Amino acid sequence: WLRLWNLTWFWFDESFILFVAYFSTMSAKLSALHSDSYVEVSQYRDQHFKGNRKEQEKLLNQSNTLYVGNLSFYTTEEQVHELFSKSGDVKRIIIGLDKVKKTACGFCFVEYYARGDAEHAMRFINGTRLDDRIIRTDWDAGFKEGRQYGRGKSGGQVRDEYRQDYDPARGGYGKLAQQHPPVESRNTY
Amino acid sequence: MSRRRHSDENDGGQAHKRRRTSEPIEIEDRLESLICRVGEKSTSSLESNLEGLAGVLEADLPNYKNKILRILCAVARLLPEKLTVYTTLVGLLNARNYNFGGEFVEAMIRQLKETLKNNLYNEAVYLVRFLSDLVNCHVIAAPSMVAMFENFVSVTQEEDVPQVRSDWFVYVVLSCLPWVGKELYEKKDVEMDRLLSQIEGYLKRRVKTHVQMLQVWTAEKPHPQEEYLDCLWAQIQKLKKDRWQERHILRPYIAFDSVLCEALQHNLPPFTPPGHMPDAQYPMPRVVFRMFDYTDAPEGPVMPGSHSVERFVIEENLHCIIKTHWKERKTCAAQLLSYPGKNKIPLNYHIVEVIFGELFQLPTPPHIDVLYTTLLIELCKLQPGSLPQVLAQATEMLYMRLDTMNTTCIDRLINWFSHHLSNFQFRWSWDDWADCLTVDLEKPKPKFVKEVLEKSMRLSYHQRIVDIVPPTFSVLIPAEPIFIYKYLDETASTLPGYQLSITLGNAIKNRATNEEILTILKEVPNPNQEDDDDEGESFNPLKIDVFLQTLLHLAAKSFSHSFSALAKFHEILKTLADSDEGKLHTLKVIYEVWRNHPQMIAVLVDKMIRTQIVDCAAVANWLFSQDMAHEFTRLYIWEILHSTIRKMNKHVQKIQKELEEAKDKLEKQQLKRRDSGDDEDMDKNSEDEDGQLEEQIERLQEKVESAQSEQKNLFLVIFQRFIMLLTEHLVRCETGSVDISTPWYKNCVDRLQQIFLMHHVTIQQYMGTLENLLFTAELDHHILAVYQQFCALQL
């Protein structure tokens, strides 16, 4: 029995996710009246995090910083400040930049003075619109110099490398789709 | 993605351990889940679910009695919207096991005492209501319930207690009657009549100075803003007239009457209300928010009247649902929309009314403002064919009544509406509001539209606002938020600071050091002085002007750029702004350059307070200065002021907390030493440790006193300024025989009220000083009335 459990532990990261999910259902039942699912840490873990899983979990659970995704490239710091100030005093905003062009590439970090204010943002601002786009917030372990840059090969975010759809607020087609247009169009005369 | 090896983790072992010992925990979780979930959507009827659950719990009583007792007590306190479901459950259990029923009643009484001791008055109401409904379930004997009510109402005979204390005890009794009035009257009508007559006498002699301050509208039409006890009394009177026939409340126990009436009842032990303690925090009085009546829902079920008990019960339950599920917006919206009995009422209208009622509640909403925006959006998602129309109708109604709406509530309406629109592509029929263009732009309606457009611009961009409104509205469109640089080009060459601005600008661009900048600044003549002092360190407005304008111009690109600039030249700025005049002038310059970008002004002022370039009192003096008089009625001014007060409050709280923590640490240390029994050698070290801590505590004590002094001074400055401005206006109107009620005056009085309401907890500490120094009997009665209404809130 013990060996079976160790096996699952050494397996892919996905098992870790199952393990975490098992824990969540247990605690949801324990505190059936105190559900606060919007504030829970998501499954995403920054693969570039310097430190072990335990440290990362600890930082996420006490963080005052949120990652904000699906922004338009044209969304300004001022707009982010106005929206996120609705859940409390914002300490600072760091707009995510294309590593090559040094222009906004569709994400940012919002750091609050108090975690409670960040929690309110997760409950009431996550999943609503900014610049007509549904934005997504997630806990972040904390800003470190260098993390303001996209990690995609072309300089922007990874998701914009592989995107197939046309999104005018995020540079049009995904980078891969731009370099390798669909076969049919090449063959039309 | 690399495969990670977690050989150093021992969490796997923990989970394994947890699995092995989890069986009893699993059963307890199951019980909790079963009990919490009963009454929710199910394939079986509520009655059969209750029957089944009663059977399960009865079987588990031998092993899990205490756990079941705790869970049932918790749901009584925390799920008041499902009151009758749980009282029925308890009724069934009592019928099967008399002793358990008795133990439950005892546990509830203990819980009631605890909640009252801990100032949890709202939860205590739910507990008493639960007990009263247990009369309907044959768990508690009616006469003993009446006896408890009699003890509660006797509190109205107490002398020298705050009115809010006796208010609460009367409220509890009245608010139970929709559930249990009929049963109590059938068993003890003489006693109940006496009770109601005592209550009536009390309500007649109650002081109601506080009501005006809490009303959302000053107008009585179309819906009077009633004091909550008056409204409830009218509702109970009507219920009594209808011979206690109440048809809205869901009563599952009726189906079980044959079983329940066989049960033996318990008597409530005599319950003496705990005496008044000086640190008791009774709930504040409130005003019932109404914006709809039966004429507003065009088709479908009719809305119960304002004095019907159904209206009370519906509003109570909807408020309770929000209170229970506020953290889970999707669940909250779903629960609101699945309210039992929804087919007999215009539920969407009730929901919208209750939500706006909370948003506009004075002094403050029960939850953070943004919750209501997001909740309304979730509701629109779930009912896209009906709710948006009700919301639009509500918005239209609120717009039409702006003239008499409390300014604080207008602020919240502005913030809600602009944020809401930004989620719906700013689609709105602005032409419907063209009437606001025909009146003085300082009047509430055009002012409202102007502020909405300004906030909408902050969430988008200037051109967007131009695009969304008809051209006739251009006069209300906010200015483009661009920097206004005094020394922009050669046209400014005659200005005294022009040359210097170029030199400074180049120096900053070339990354000059602070010393180099200071050297340049030494050359700036001081227009205020005849002979230069050698140091050149006294207040020099030109120095501040040139340096700040140039710096902020270079950093105008974004908030981050400006913050970097303030950080980089922090020392210089602090030196330049060293005096009170320096601070005031700094703020003046910021306004001059950024007057088209109020958002930027706000964040810069915030940063400057946090980095101590300016202090809170300077900001207050600046906002009330003559230079800012023309901006006095704009929303951003008050947002800056309230943010400043909040920063001051948080600062005091932070130091107080540090002091408490140091005191606790010292106490713990001393206790530890006493318990462990000292060695001779330890004494010297521990004495040193103690000494260090005691020094630290003394320093923190001084810090707290200094911070509190600064805080008191801030409020004094603000109130003094208000009194000066209002007195000036009143005197001017009196001598000119002009009506005092201008839009400016209404705004100013509302803003004074707003200071009291938004910061009432802090202001309470300084009431003595305020009364002795400022709000004396010599003051004009218009101004004094605001203060007296505020005092009445705590009577």
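Visitor: Let's start with B:Glu226: which side chain does it join in a polar contact of 2.9 Å?
Guide: A polar contact here is a pair of N or O atoms within 3.5 Å; within protein, one must be able to donate a hydrogen and the other to accept it, and residues adjacent in sequence count only if both atoms are side-chain atoms. B:Glu226 has such a side-chain contact, at 2.9 Å, and the partner is B:His307.

Visitor: Before we go on, what sort of model is this, and how is everything labelled?
Guide: It's a predicted model, where local features need pLDDT of at least 70 and side-chain atom pairs count only at pLDDT 80 or more, while totals for chains, interfaces and linings use all residues. Residues are numbered from 1 along each chain as its sequence is written, chains are lettered from A and ligands numbered from 1 in the order in which they are written, and side-chain values use heavy atoms, with hydrogens and water left out.

Visitor: Where does B:Glu226 lie, and what is it in contact with, leaving aside neighbours within four places in sequence?
Guide: B:Glu226 is in the loop between α9 (211–214) and α10 (228–241) of chain B; helices (H or I, at least four residues) and strands (E, at least two) are DSSP runs, numbered from the N terminus. Contact means heavy atoms within 4.5 Å. With those neighbours left out, B:Glu226 touches B:Cys231, B:Arg286, B:Val287, B:Val288 and B:His307.

Visitor: B:Arg286 is on that list. Which ring does its charged end sit over?
Guide: A charge sits over a ring if NZ of Lys or CZ of Arg is within 6 Å of the ring centre and within 35 degrees of the ring normal. For B:Arg286 the distance to the centre is 5.2 Å, and the ring belongs to B:Tyr171.

Visitor: And which residue lies over the face of B:Trp217?
Guide: B:Trp217 is also part of a cluster linked by ring pairs, with B:Phe289 and B:Trp416 among the other members. At 5.9 Å from the B:Trp217 ring centre, the residue over its face is B:Arg401.

Visitor: How are the rings of B:Trp168 and B:Phe169 arranged?
Guide: Rings of Phe, Tyr and Trp (its six-membered ring) pair if their centres lie within 6.5 Å; planes under 30 degrees apart count as stacked, over 60 as edge-to-face and the rest as tilted. The structure holds 48 aromatic pairs over all chains. In this one the centres are 4.9 Å apart and the planes at 85°, so the arrangement is edge-to-face.

Visitor: Is B:Trp244 buried or exposed?
Guide: B:Trp244 is in the loop between α10 and α11 (257–260) of chain B, and its phi is near 60°, a positive value in a residue other than glycine. Buried means under 20% relative accessible area, exposed over 50%, partly exposed in between (1.4 Å probe, protein chains only). With a relative accessible area of 7%, B:Trp244 is buried.

Visitor: Which peptide bond is cis, with omega about -10°?
Guide: Look in the loop between α9 and α10 of chain B, where B:Pro222 is found. The cis bond in question joins B:Lys221 and B:Pro222.

Visitor: Over in chain A, which side chain does A:Arg147 join in a polar contact?
Guide: A:Arg147 is in the loop between β6 (136–140) and α6 (159–162), and at 17% relative accessibility it counts as buried. Its contacts beyond four places in sequence include A:Phe107 and A:Phe109. The side-chain polar contact, at 3.2 Å, is with A:Asp46.

Visitor: Which residues of chain A does UniProt list for "domain: RRM"?
Guide: The end C-alpha atoms of this span lie 8 Å apart, and the span is 23% helix and 39% strand. The UniProt entry is unreviewed, and what it lists for the domain is residues 64–142.

Note on methods
UniProt positions are given in the numbering used here, feature names are shortened, and annotations may be inferred rather than shown by experiment.
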